[in-house]
Every structure is written in C-alpha cells, then in structure tokens.
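Welcome! Please take a moment to look over the sequence and the 3D structure before reading on.

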Amino acid sequence: MLNNYLKIAFRNISRRKIYSAISISGLAIGIASCLMLFLVLRYEMSYDTFEKNHKRIYHIGTLDKFSDGGSEYTAGIPFPAIDAARLDFPQIKSGCIYANYGGQVSVIGKDPANPLSNKKFIEGSGVFFSDPEFMEIFGFKWLSGSPKLLAEPYVTVLSKKIAEKYFGNWKDAVGQFLKLDNAVVVKVGGIIEDLPSNTDFPLQIVTSFVTMKSNANVYTYRSDWNNTTSNFQVYMLIPENVSVAQVNSQLKDFSKKHRGSDGNSVRTHFLRGLNEIHYDSRLESLGDHITTKATLRTLSLIGILIIIMACINFINLSTAQAVSRSKEVGVRKVLGGNKLQLFKQMMGETALVVFLALVLAVIITLVSLPFVKHVVSINEPLSFISAEGIGFLLVTGLLVTMLSGIYPALILSGFKPALALKNKITSASIGGISLRRVLVVVQFGISQVLIIGTIIAISQMNFVRNADLGFNKSAVYVINGNSDSLIRARQPAFKEDLLKIPGVKSVSLCSDVPSSDNNWSTNFSFNNRPDEKFNLFLKFGDNDYVKTYGLHLVAGRNIDKTDTVKEGLINETLVSKLGLKHPEEALGKMMKFGGRTRGVEIVGVVKDFKTNSLKETIKPTLISSNFKTYYSVGIKLATNDISKTQSAIQRSWDKFFPEYANSSGFMDETIAKFYRQENQLSTLYKIFAGLAIFISCMGLYGLVSFMAVQKTKEVGIRKVLGASAANIVYLFSKEFTVLITIAFLVAAPLAYFMMNNWLNNFVYRIPIGVSVFALAVLISIIIAWLTVGYKALRAALAKPVTALKTE
C-alpha cells in the first residue's frame with residue numbers, strides 16, 4: 001500500500017510540474033527563511049550563556065534622577081565603588097573591569113632595556129584592565145597562569161589569538177614584554193583561551209587594574225565619587241543562598257551612603273543579570289552591539305508570518321487542483337477505499353512535498369548564510385548541524401505538513417463518488433472559494449504589513465543619513481590616539497605641518513568629534529548661582545574646532561587660541577535650559593564645573609548640533625580648550641584626490657610620531673555605526689517583504705488557476721455573447737482588488753502600531769503619513785494585477801468552442 005501511495009505521489013508531482021514546482025519552492029523559501037532567522041536568533045540569544053555561572057553573575061548599573069525631571073542611565077560606577085562594594089557585601093565576590101577599548105601595543109621582547117622588535121599594533125578593541133576577582137567570577141579557561149597574576153602591577157594577560165598574532169606561538173608569549181600606548185611596559189604573565197564571538201566581553205589584552213591606578217597620568221583614573229564613566233564596570237557573583245532582591249534593596253542607598261547627595265540629583269544603583277546585558281538598550285555594554293528584545297521578537301514574528309504564508313500558498317494550490325483529481329478519488333472510493341485511507345494518502349503526498357521542500361530549504365540556507373551573516377554582522381560560523389538545528393527542521397517540517405495538508409486532505413477525501421465520477425464536483429462541493437479568499441486576504445495582509453514596514457524603515461534611515469546634524473560631517477578625517485606628554489608636546493608642530501598639505505583645509509586638536517557616543521558630563525553652576533539641576537556635557541577643542549567641523553555661531557565670537565580652560569562656547573539647548581530668552585544674554589557670564597575654582601567665560605553660542613545619535617536628545621553642551629584632553633585630530637579635507645591627501649597625512653604622522661601607530665577614519669563612517677542595528681533591520685525588512693510578495697503571488701496564482709477551471713464554461717458563454725478579452729480579465733481582477741483592499745484595511749493599523757513603536761526609538765523621526773499607506777496598497781494592487789493578468793488573459797484568449805465542450 002505504501003509503495004502504491006509513493007508511486008501515485010511521485011506521478012502527481014511529475015504530472016503537474018508547474019504546480020509542484022510552485023508548491024515546493026514556496027514552502028522551501030518559507031522554511032529556509034525560518035531556518036536562517038532561527039540561526040540568527042539562536043546566536044543572539046546565546047550571548048555569554050557559555051559562562052558556567054551566567055545565571056548568577058550580575059552587573060551594577062547606575063541611575064541618576066535629576067530634580068528637573070530628567071534621568072540618565074549608565075553602565076558605569078565611580079572608581080571607589082569597587083572597594084566600597086567589597087566592604088558592604090563581604091559575602092559576595094565583586095570584580096571590576098575597565099574598558100580601554102583600543103590603543104597602541106608595541107612588542108618589546110624579553111628584555112625591556114634592549115627591545116628586539118619594532119612591531120607596533122593598533123588594537124581597535126579588546127584592551128581592558130581587570131582585577132583578579134573579575135577573572136574568577138567569569139571563569140575563563142586559562143592556558144597558562146591564573147587570575148591571581150592580575151593582583152600584581154605591570155602584568156598583562158593575552159588571549160591565545162592575540163598572543164599568536166604578536167609572537168607566532170602562544171607558548172612563546174609568556175615572559176615577554178609589551179609597551180601599552182607607548183607609555184607603560186607590562187610583562188605577559190598568562191594566556192586565556194579565545195572567547196567565542198557571542199560575548200559582550202571581547203577580552204584580547206587584560207592588564208592588571210593596579211597598573212592603571214599606578215598610571216593615572218596615562219589612563220583616566222579618578223579616585224572620587226563624582227566621576228562616573230561607562231568604561232569602568234563592576235560585576236558580582238551572587239551566591240545561591242543570597243537574595244538578589246535584598247542586594248538590590250541595599251544598593252538603592254549605596255551611593256547615598258558613600259557619595260552623599262548633591263541636592264540636584266538622586267543616584268541609585270541596581271543589579272541586572274548577565275543574561276540581560278546584551279538586550280538592554282538603556283545601558284552601554286562592553287561588546288560591539290546591543291540587540292533589543294523587541295528586535296528579536298520582530299524577527300521571530302517575521303519568520304512565523306513567512307511560514308504561514310508559505311502554508312497558505314500550498315493550501316491554495318492544492319485546493320485549486322482538487323477538481324482535477326475528483327475522478328481519481330471517485331474511482332478509489334468505488335473500489336473500496338474509505339475516507340481515512342484517502343486522508344492518509346493525501347497527507348502522505350503533502351509530507352513528500354514538504355520533505356522535498358526541506359531538502360531545497362537546506363540548500364537555499366547553505367547558499368544564503370554567508371550573505372545573512374554579513375547583513376547581521378555575525379563573525380562566527382552559523383550552522384544548523386546540531387541537535388537544536390536538526391530538531392528545528394523536524395518540528396518545522398511536521399508543523400508545515402499538518403498546517404498545509406489537513407484542509408486539502410479533508411476536502412479531497414470527502415468527495416462523493418457519484419459526483420466525482422460524473423465530474424460534477426464544483427466549488428460548492430469543496431466548500432466554495434470563500435476560505436481561499438480569506439487566505440488570500442491573510443497573505444496580502446502579511447505582505448502589506450512588511451511592505452509598509454519596509455517603506456517606513458527605508459524612509460527613516462534616509463532621513464537619518466540626510467538629517468541636518470548642525471555640523472558638516474563630510475570629508476572630515478579623524479585620527480584617534482593618546483594624549484600623553486610626548487604627543488602633546490609635538491601636536492602643535494604636527495598641526496602646522498598638516499596645514500601645509502594641499503588637500504587639507506583646516507585642522508582641529510580635540511577630545512572628540514561633535515557627534516559621538518561620548519557623554520562626558522559634570523555638575524556646574526552658572527553666573528554665581530547654585531549648581532544647576534541638570535548636568536553639563538563637555539567637549540574640548542582648540543580654536544579651529546568650529547571651523548573644522550562646520551559649527552555655526554549664533555551669538556558672540558569663537559574662543560581664542562589657548563591651551564587651558566579659559567573661554568567657552570555653549571549650545572542653544574544649554575541657553576534654553578538656563579532660562580535665558582536670547583543667546584546674547586549668556587555672553588560674558590561665568591561658569592564653573594567639576595569642582596573647579598576657576599570659572600569659564602562664555603564668549604559665544606553655537607547653533608544646536610546633534611551631540612549623539614538621532615535616537616537621543618541634544619545635550620546641554622560646553623565647548624572649551626584643554627590640551628590635556630586632545631585625544632583626536634580632526635582634519636577637514638578637500639574632496640579632490642582624497643587618497644593622495646591621506647597618504648600625505650600618514651607621512652606627516654610618521655615624521656612626528658614614529659614610535660606611535662594610529663587609528664583613523666572618516667567621521668561620517670563613525671556616525672553611520674550609530675544606526676547599525678536599524679540598518680540591519682531595514683535590510684531584513686526589504687528581504688522578507690520581497691519574499692512575502694513572491695509567496696503571495698504564488699498563492700494568488702493558485703486561486704486564479706482554481707477560478708479559471710471553475711469558470712471555464714462561463715468564460716466561453718460570455719465570449720460567445722460578445723465579451724472582450726478585457727472584460728474577461730476584469731472579471732477575474734475585480735475580486736482580487738477587493739480582497740487586497742480588505743487586506744490593506746486589516747494590515748494598515750497593525751503596521752502603523754508596529755512601526756510607530758519602532759520609530760519611538762528615535763527622538764528625531766519621520767511622520768507616518770498617508771502617502772506611505774497609499775504607496776503600499778498601490779504596490780500590492782499592481783503586483784496582484786500583473787499576477788492575475790497572466791492567467792486571466794490565457795483564459796480570455798482561449799477558444800469559446802473548447803470552453804463550451806468542457807464538462
């Protein structure tokens with residue numbers, strides 16, 4: 001019996017090649033989409049779960065609530081907090097880590113007095129300072145050494161990968177010396193196993209924290225409770241017998257106990273689990289990106305919708321073919337076949353089609369994974385050859401078989417033999433086309449949700465790319481480096497040399513560019529008033545900062561050429577928050593910040609510029625000179641022959657700083673990184689909206705095919721009575737236009753709700769206008785007409801005589 005069923009199934013597939021190809025390819029695309037999204041979701045949800053104690057590791061976050069109603073989250077904590085935490089929570093192991101993110105590493109060799117190598121490396125990330133407790137909390141695998149090494153000053157630990165990069169063989173690295181940032185010589189004491197890419201702790205070079213404390217002139221170490229940076233973070237390993245809620249309760253008063261209150265803000269600390277860090281957009285992580293739970297839910301929903309559409313497509317095509325198989329069913333029933341046997345046969349055929357679709361889906365996935373990895377920026381190989389991956393495929397195959405096969409199997413197995421043998425099966429006999437109309441509405445509703453989402457996402461990202469940031473980001477080349485005494489001594493001459501290069505328009509020595517993820521803030525007072533009830537954000541640059549970055553003065557003048565904090569520019573947001581009606585009212589007033597006794601005179605007001613990404617509000621900002629903070633060099637370039645100018649800049653750098661390497665790039669590329677996740681989501685919307693449209697067209701083709709079969713005689717009669725081909729095409733098309741309109745009425749509110757929530761992540765966003773929805777429904781109707789038109793035109797051009805002979 002089984003052999004017979006398989007023969008019949010293969011014959012049906014080969015006999016109806018076009019229908020079979022559409023069914024199998026539609027299901028394959030749906031399953032492949034789900035499989036690829038599953039692999040991406042599994043990767044994102046596996047962040048740091050490889051840690052043995054990942055369920056008991058917690059990070060201490062900071063929340064400042066200001067008296068003006070504002071609030072600010074930060075992942076950092078004041079430097080003295082680590083010692084205070086160990087005193088207040090002796091039963092809990094606490095460890096700290098400081099992210100230097102990047103820097104220069106010079107390979108010295110085994111004798112610091114006689115360097116054997118001149119190899120210099122710029123590490124853009126992965127450079128940290130840590131205490132032994134942090135390394136013990138996370139339980140990293142040590143190839144050589146142990147966490148206790150980091151209790152000693154001037155000791156560093158390398159990952160296996162970075163050790164092999166510097167020394168060829170990681171075993172040769174131990175005992176060698178490195179120079180960090182051309183200032184601090186450290187000895188390699190141990191090697192840790194490379195961490196997987198799905199971690200928010202990309203440790204490559206970990207130096208003892210006491211080394212950083214001993215070199216406060218090189219690294220930003222502050223011993224007071226008023227300075228907080230997200231680079232410095234504290235983690236706890238909570239014992240199983242200790243209540244997390246109780247620790248959280250104690251942390252609420254932790255800052256008040258040790259820091260006191262400044263009267264303008266209330267600071268509290270809180271725990272968040274290691275399994276929350278990768279998804280919490282409120283606070284910074286030490287990794288390269290954060291993926292919100294909302295994004296993961298969106299991707300999951302897209303996968304579910306795509307597979308539902310593929311199943312609907314299969315149902316439409318199966319029921320469209322049901323009439324042509326009615327005589328086969330009638331013969332089987334006359335020969336003794338019962339309904340259950342026929343049901344099993346039809347489900348078996350569906351299972352075979354799904355199996356072939358699974359095989360094709362695996363091939364599509366293997367071909368597409370490299371592209372998907374590039375889109376979502378995953379560096380680790382993605383593979384479904386695992387218990388989870390195989391299990392997902394089997395469960396998906398079973399669900400698709402059930403969803404796709406049950407309804408067509410029930411319809412076919414329920415045919416009455418007498419009607420089937422006389423070819424009297426009509427649309428009414430198999431339940432009419434009302435269900436298939438509903439399915440088409442669902443299909444096009446899903447596709448229109450994705451189309452609307454795609455249009456809005458593309459429009460928002462275009463707005464982001466072209467938004468007026470308040471400064472000129474184009475052709476600004478930025479060199480990032482250190483600010484040690486040696487570099488500071490040579491910076492003025494380096495700047496003068498750069499200005500002699502033909503392609504260089506202007507140069508500014510500064511702390512950072514106008515728009516960055518740097519949020520250096522402090523308390524301050526204005527015009528001898530008490531401290532304001534909000535924080536002041538600081539940027540430092542020389543008197544060419546305004547010119548180089550294209551800032552616009554709205555009042556006053558630029559700061560004079562000086563190396564010290566003497567004069568300052570403020571932005572319009574700060575003017576407004578100070579309660580001043582006109583920018584000119586701020587000129588000549590004095591400001592004091594960060595506990596400084598000497599004030600800063602406000603000499604100018606600049607037009608508001610975006611201090612961070614468009615997802616954040618403009619911060620009240622002061623721009624002043626302070627040569628000790630000049631970590632960056634901004635260079636405005638002429639747009640002709642930029643590569644030649646870059647080469648000249650590098651030669652100048654090598655002339656003045658031969659012992660230093662540098663990291664550099666264009667400012668617009670740095671700003672684009674703010675929106676990496678949004679761009680990825682926008683790209684995924686485009687891809688899956690295209691797939692949804694493709695699958696919808698397949699389903700629509702199936703329904704038109706069904707209608708064409710059912711209306712064969714009607715079309716013949718209409719043509720005999722004088723109907724034109726256009727009349728026949730209209731007969732088929734008008735119904736689908738109505739169905740698409742209904743689908744739009746359902747999809748539009750849902751798409752608006754989803755995308756409005758997404759846009760709420762941006763402070764500066766586009767409005768969702770009527771044109772978005774009009775364009776979406778227009779695209780859907782045009783695509784539907786093109787799909788329906790092909791089959792309808794074939795029916796319209798068929799000979800009436802042939803149609804009238806059809807039983």
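Is isoleucine 308 buried, partly exposed or exposed? Isoleucine 308 is partly exposed, because its relative accessible area is 33%, and buried means under 20%, exposed over 50% and partly exposed in between, with a 1.4 Å probe and protein chains only.

Before going further, please note that this is a predicted model, where local features need pLDDT of at least 70, side-chain atom pairs count only at pLDDT 80 or more, and totals for chains, interfaces and linings use all residues. Residues are numbered from 1 along each chain as its sequence is written, and side-chain values use heavy atoms, with hydrogens and water left out.

**The whole protein**

The protein has 25 helices and 23 strands; these are DSSP runs numbered from the N terminus, helices being H or I with at least four residues and strands E with at least two. Of its 807 residues, 53% are buried. The accessible surface is about 35300 Å², and carbon and sulfur atoms account for 58% of that; such areas come from the Shrake-Rupley method with a 1.4 Å probe, and for residues only the protein chains shown count as cover. Taking contacts between residues at least 6 apart in sequence, 81% join residues at least 24 apart, where contact means heavy atoms within 4.5 Å.

Let us return to isoleucine 308, which lies in helix H10. Together with Ile304, Leu435, Val438 and Val442, Ile308 forms a nonpolar patch on the surface, with about 360 Å² of accessible area together. Helix H10 (293–320) and helix H15 (434–466) each give two or more residues to this patch, and H15 has the largest share, with three residues. Patches are made of residues with over 30% relative accessible area and no salt bridge; like charges are joined within 9 Å, and nonpolar side chains (Val, Leu, Ile, Met, Phe, Trp, Tyr) within 5 Å.

**Salt bridges**

How many salt bridges does a search of the whole structure find? The search finds 19, a salt bridge being a side-chain nitrogen of Lys or Arg within 4 Å of a carboxyl oxygen of Asp or Glu. Here are some of them.

| Salt bridge | N to O distance |
|---|---|
| Glutamate 388 and arginine 42 | 3.5 Å |
| Arginine 86 and aspartate 131 | 2.5 Å |
| Lysine 495 and aspartate 544 | 2.6 Å |

Glutamate 388 in helix H13 (residues 387–413) and arginine 42 in helix H2 (residues 17–44) are 346 residues apart, and their pair links distant parts of the chain. Arginine 42 is partly exposed, at 23% relative accessible area.

Arginine 86 belongs to helix H3 (residues 81–88), while aspartate 131 sits in the loop between strand S4 (120–130) and helix H4 (132–138), so this pair ties together parts 45 residues apart in sequence. Arginine 86 is partly exposed at 28%, whereas aspartate 131 is buried at 7%.

Lysine 495 is part of helix H16 (residues 485–499) and aspartate 544 is in the loop between strand S16 (536–540) and helix H17 (545–549), so their pair ties together parts 49 residues apart in sequence. Lysine 495 is buried, with a relative accessible area of 9%.

**A strand and its partners**

Finally, find strand S12 (residues 476–480), where four of the five residues are buried. S12 runs antiparallel to strand S22 (residues 632–637), and five bridges join the two; two strands pair if DSSP finds at least two bridges between them. Opposite valine 478 stands glycine 634 in S22. S12 also runs antiparallel to strand S23 (residues 663–666), with four bridges, and there serine 663 is the bridge partner of asparagine 480.
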